[in-house]
Amino acid sequence: MASSRVDLDGKPIKPITICMIGAGGFIGSHLCEKLMTETPHSVLALDVYNDKIKHLLEPDTNPWHGRINFHRLNIKHDSRLEGLIKMADLTINLAAICTPADYNTRPLDTIYSNFIDALPVVKYCSENNKRLIHFSTCEVYGKTIGCFLPKDSPLRKDPKYYVLKEDESPCIFGSIEKQRWSYACAKQLIERLIYAEGAENGLEFTIVRPFNWIGPRMDFIPGVDGPSEGVPRVLACFSNNLLRREPLKLVDGGQSQRTFIYIKDAIEAVLLMIENPARANGHIFNVGNPNNEVTVRQLGEMMTQVKGLSFIYSKLFLAFFSMFFGVYLRLLFPYLCLQVYSKVSGEAPLEKATIDVSSKEFYGEGYDDSDKRIPDMTIINRQLGWNPKTSLWDLLESTLTYQHRTYAEAIKKVIAKPLAS
């Protein structure tokens, strides 16, 4: 396998050992799968839990047996961390608290997890001349310039006021009492430290800014594989509502605009970074899909409403339309939405699909938000020749099929318990 694979410059790709911190999470589990099934690389998988990668660790008959080894540790206080980084050629740091509800309720944990706990990883990589791929977030951009313009200003439609560029866009956060920005500030500060280590001490680094990566195994379902009072990110929140036959909760009317990218597309980009260090080192990469842009309200409508067109015809029409009109696709969503979850579950649509709630009611005091997060893809396309492929329709169907298959019966049991007692 090693001799037949070449990088983007035609050079043979040599097998390497990767120390992956946070390997047991959503992104880590998909990246481990990719590395085991399609490359000759080895992984030292570090995490507190391994539920999402158990299928890769057992049984011993797997063709990649011996290439992935799990180490159960918490990087906060484990002396083995530096030794494991020394054993590897590359360290990938995925560890983070990255759930919006926690930014308000656990700001100290959020700052410590995303900045303080990441410091030793950067230090050990720099001191031992090890390459680092660090996962940051699109939240480091904060608010767009456009959101400060008058609502009727035509400049709000000008891409230069809202499309986010790694090397140009400013990072604009809210006031200190808006603790929702604790996550973004911590992530930005560790980015600046990594960049400084590269400039002053020669650290070889790549920084990844994910824009809403979606797919199987993302987040958790409250009361099933996460705390009952927990609040996961938007798609998992909506999935939880649908599984429980509850209306989807739209925070502040669901007017924030987001882009969503399928996890398998995003992992392709990460693999290119791993195997093309000459092209990736020293760069910050947006990894998202600007063609999959919707408001949160439109996302909810896609998941719950029927608007006349059949599933197949609506998908064909939208695929054709998106080829020519790109981001303007979002304007048709309220009129062409289909019942994705009803299709995968076989259940009747909800009578009341959505309800509006305030951000204070949903997240508590101190919440704030950005109006848009649309990534510019110039740098990653230029350096790695990468573009996302999967439409929002397809990634929703894949993700919701997984969610229903994995959680539907467990949710029924959770709901039935109070009735039985």
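1. A word on burial before we start: buried means under 20% relative accessible area, exposed means over 50%, and partly exposed is what lies in between, with a 1.4 Å probe and protein chains only. Helices (H or I, at least four residues) and strands (E, at least two) are DSSP runs, numbered from the N terminus. This is a predicted model, in which local features need pLDDT of at least 70 and side-chain atom pairs count only at pLDDT 80 or more, while totals for chains, interfaces and linings use all residues. Residues are numbered from 1 along each chain as its sequence is written, and side-chain values use heavy atoms, with hydrogens and water left out.

2. Do start with strand S7 (residues 205–210). Both of its faces are covered: Phe205, Ile207 and Arg209 are buried on one side, and Thr206, Val208 and Pro210 on the other. With 6 of its 6 residues buried, S7 is therefore largely enclosed by the rest of the structure.

3. The partners of S7 come next; two strands pair if DSSP finds at least two bridges between them. Strand S5 (residues 131–135) pairs with S7 in the parallel sense over 4 bridges, and leucine 132 has phenylalanine 205 of S7 as its bridge partner. S7 also pairs with strand S12 (residues 283–287), again in the parallel sense, over 5 bridges. There, isoleucine 207 is bridged to isoleucine 284 of S12.

4. Now the whole sheet. It is an open sheet of 7 strands with parallel pairing, in the order S3-S2-S1-S4-S5-S7-S12. Strand S3 (68–72) and S12 stand at the edges with a single partner strand each, so one side of each has no neighbour in the sheet. On average, neighbouring strands are turned by 15 degrees against each other, direction ignored; axes are lines fitted to C-alpha atoms, for helices over the stretch in contact, and angles run from 0 to 180 degrees between N-to-C directions.

5. In the loop between H6 and S5 sits asparagine 129, whose phi is near 55 degrees, a positive value in a residue other than glycine. Asparagine 129 counts as exposed, at 71% relative accessibility.

6. Which residues of helix H8 (residues 234–243) are buried? They are Leu235, Ala236, Cys237, Phe238, Ser239, Asn240, Asn241, Leu242 and Leu243. That is 9 of the 10 residues, so H8 is largely enclosed by the rest of the structure. Just after H8, arginine 245 takes a positive phi of about 60 degrees.

7. Please look at arginine 217 too, in the loop between strand S8 (213–214) and H8. Arginine 217 has a positive phi of about 75 degrees although it is not a glycine. It is buried, with a relative accessible area of 13%.
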